[in-house]
Amino acid sequence: MRKNKGSFAVYVVLRLIVLACAVGSLAFDNYEAFFLCLLTLVLFLVPTFIEVNFSISIPETLEVVIALFIFAAEILGELLHFYTIFPFWDALLHTFNGFLAAAIGLALVSILNRSDRIAFSLSPFFCVVVAFCFSMAIGVLWEFFEFSMDFFLGTDMPVSYTHLTLPTN
């Protein structure tokens with residue numbers, strides 16, 4: 001990422017903002033927000049961890065988009081309460097996550113197609129189908145996770161469809 005100065009600048013600025021939020025959280029004894037900041041910093045390291053440990057080269061643009069998504073979900077959404085301030089925030093992030101998951105799925109298929117260790121070549125149509133299915137699977141798994149957290153731990157994870165109401169008798 002240090003090769004591209006723009007990508008590196010975005011990554012550094014996001015980390016500095018998260019660190020400032022962490023310091024502010026500690027100053028106001030908000031330990032939940034502090035640990036959310038720590039979680040965000042750890043999540044920022046996931047693409048690098050994958051690149052180093054699995055010898056997979058993630059495109060810089062995809063790394064920046066992933067970092068921006070993590071920042072939007074954790075810092076803006078949770079810490080700065082964008083989920084409650086902007087009613088569309090959760091739906092926006094879910095939509096963006098669908099495209100992001102599809103891009104990751106397409107990148108994985110592309111990496112497999114270019115690999116010398118794996119002997120197969122996929123057609124462009126099949127690559128798009130795999131990316132779409134990967135995106136849908138990630139979305140379904142996330143919804144299972146949200147439901148499980150709400151049901152078993154009593155959390156209140158953001159709900160995209162807060163305007164829907166159940167009919168009453």
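Ser-7 lies in helix 1. This is a predicted model, in which local features need pLDDT of at least 70, side-chain atom pairs count only at pLDDT 80 or more, and totals for chains, interfaces and linings use all residues. Residues are numbered from 1 along each chain as its sequence is written, and side-chain values use heavy atoms, with hydrogens and water left out.

## Exercise 1: Ser-7 and the overall fold

Place Ser-7 in the fold, and describe the secondary structure of the protein.

Step 1. Count the elements. The protein has seven helices and zero strands. Helices (H or I, at least four residues) and strands (E, at least two) are DSSP runs, numbered from the N terminus. Along the sequence the pattern reads α-α-α-α-α-α-α.

Step 2. Check the cover on Ser-7. Its relative accessible area is 9%, so Ser-7 is buried. The classes are buried under 20% relative accessible area, exposed over 50%, and partly exposed in between (1.4 Å probe, protein chains only). Across the protein, buried residues make up 29% of the 169 residues.

Step 3. Look across the sequence. Ser-7 and Thr-61 are 54 residues apart in sequence, yet 7.4 Å apart in space, C-alpha to C-alpha.

Step 4. Widen the view to contacts (heavy atoms within 4.5 Å). Of those between residues at least 6 apart in sequence, 58% join residues at least 24 apart.

## Exercise 2: A surface patch

Which residues form a nonpolar patch on the surface with Val-12?

Step 1. Locate Val-12. It sits in helix 1, which spans residues 5–27.

Step 2. Classify Val-12. It counts as partly exposed because its relative accessibility is 31%.

Step 3. Apply the patch rule. Members need over 30% relative accessible area and no salt bridge; like charges are joined within 9 Å, nonpolar side chains (Val, Leu, Ile, Met, Phe, Trp, Tyr) within 5 Å. A salt bridge is a side-chain nitrogen of Lys or Arg within 4 Å of a carboxyl oxygen of Asp or Glu.

Step 4. Name the members. Phe-8, Val-12, Leu-16 and Leu-19 form the patch, with about 320 Å² of accessible area together. Areas come from the Shrake-Rupley method with a 1.4 Å probe; for residues, only the protein chains shown count as cover.

## Exercise 3: Cysteines

Step 1. A disulfide is a covalent bond between the sulfur atoms of two cysteines. The cut-off here is a pair of cysteine sulfur atoms within 2.5 Å.

Step 2. Compare the distance. The closest cysteine sulfur to that of Cys-21 is in Cys-37, 5.2 Å away, so it is too far for a bond. The count comes to zero disulfides.

Step 3. Check burial. Cys-21 is buried at 19% relative accessibility. Cys-127 is also buried, at 10%.

## Exercise 4: Aromatic pairs

How many aromatic pairs does the rule give?

Step 1. Count. There are eleven aromatic pairs. Rings of Phe, Tyr and Trp (its six-membered ring) pair if their centres lie within 6.5 Å; planes under 30 degrees apart count as stacked, over 60 as edge-to-face and the rest as tilted.

Step 2. Take one pair. Trp-142 and Phe-145 are tilted, at 5.0 Å centre to centre and 40° between the planes. Both lie in helix 7 (residues 124–153), three residues apart, about one turn of the helix. Trp-142 is partly exposed at 36%, as is Phe-145 at 37%.

Step 3. Take another. Phe-147 and Phe-151 are stacked, at 5.5 Å and 15°. Both are exposed.
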